[in-house]
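Here are a couple of exercises to work through with the model open beside you. Grab a pencil and take each one step by step.

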Amino acid sequence: MAYVFWTHDLETGFEDIDEQHKHLVDCLEQLYVANETNDREKIGKVLEELIFYTADHFAYEERMLEEANYRLVDAHKKVHLNFVNKVLEYQQRFDNGEDVTNDMLNLLEGWLFRHIRINDMGFVADVKKAGIR
């Protein structure tokens with residue numbers, strides 16, 4: 001049984017952003033499966049993928065928001081930065097041998113879905129109004 005599901009209320013209407021978000025949800029699912037099978041090597045690989053992909057996604061999204069002159073772009077960037085720093089902290093603890101996977105899953109599940117539904121949905125109208133999508 002799946003740990004997380006993509007639902008239509010997560011769709012921003014921007015195909016590229018939605019595909020990136022789906023990939024992040026898939027990473028979360030992979031992390032859950034790796035944790036359930038106690039596959040520490042896979043957990044490490046998924047964490048690495050998650051960190052690199054998240055950084056790329058955030059940069060992509062932030063460029064779009066800047067191009068649209070989104071009024072809350074600086075606040076959005078700050079939310080992204082805080083999240084990246086937290087995930088990097090978890091990765092460091094993992095690399096030091098700590099079992100942080102359940103904590104990571106809780107953080108990711110809560111943060112990712114809340115961020116998409118609140119923060120990202122908050123920019124949809126402004127980006128569309130700017131006519132860049």
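**Exercise 1.** Where is the place of Asn38? Work out its backbone and exposure too.

Solution. Ground rules: this is a predicted model, where local features need pLDDT of at least 70, side-chain atom pairs count only at pLDDT 80 or more, and totals for chains, interfaces and linings use all residues. Residues are numbered from 1 along each chain as its sequence is written, and side-chain values use heavy atoms, leaving out hydrogens and water.

- Step 1: Asn38 sits in the loop between helix H1 (15-36) and helix H2 (40-67); helices are DSSP runs of H or I with at least four residues, numbered from the N terminus.
- Step 2: Most residues other than glycine have a negative phi. Asn38, though, has a positive phi near 55°.
- Step 3: Asn38 is exposed, at a relative accessible area of 66% (exposed means over 50%, with a 1.4 Å probe and protein chains only).

**Exercise 2.** How do H1 and H2 pack?

Solution.

- Step 1: Their axes, lines fitted to C-alpha atoms over the stretch in contact, lie 10 Å apart at an angle of about 165°.
- Step 2: That angle makes H1 roughly antiparallel to H2, a label for angles over 145 degrees on a 0 to 180 scale between N-to-C directions.
- Step 3: Now the contact, meaning heavy atoms within 4.5 Å. Among the residues that meet are Leu24 and Cys27 in H1, and Leu50 and Tyr53 in H2.
- Step 4: Sort the contact residues of H1 with H2 and you get 12 nonpolar, 7 polar and 5 charged (nonpolar: Ala, Val, Leu, Ile, Met, Phe, Trp, Tyr, Cys and Pro; charged: Asp, Glu, Lys and Arg; polar: the others, Gly among them).

Technical notes: Helix = DSSP H or I, 4+ residues; strand = E, 2+ residues; numbered from the N terminus. Buried < 20%, exposed > 50% of the residue type's maximum accessible area, 1.4 Å probe, protein only. Parallel < 35°, antiparallel > 145°, perpendicular 65-115°, else oblique.
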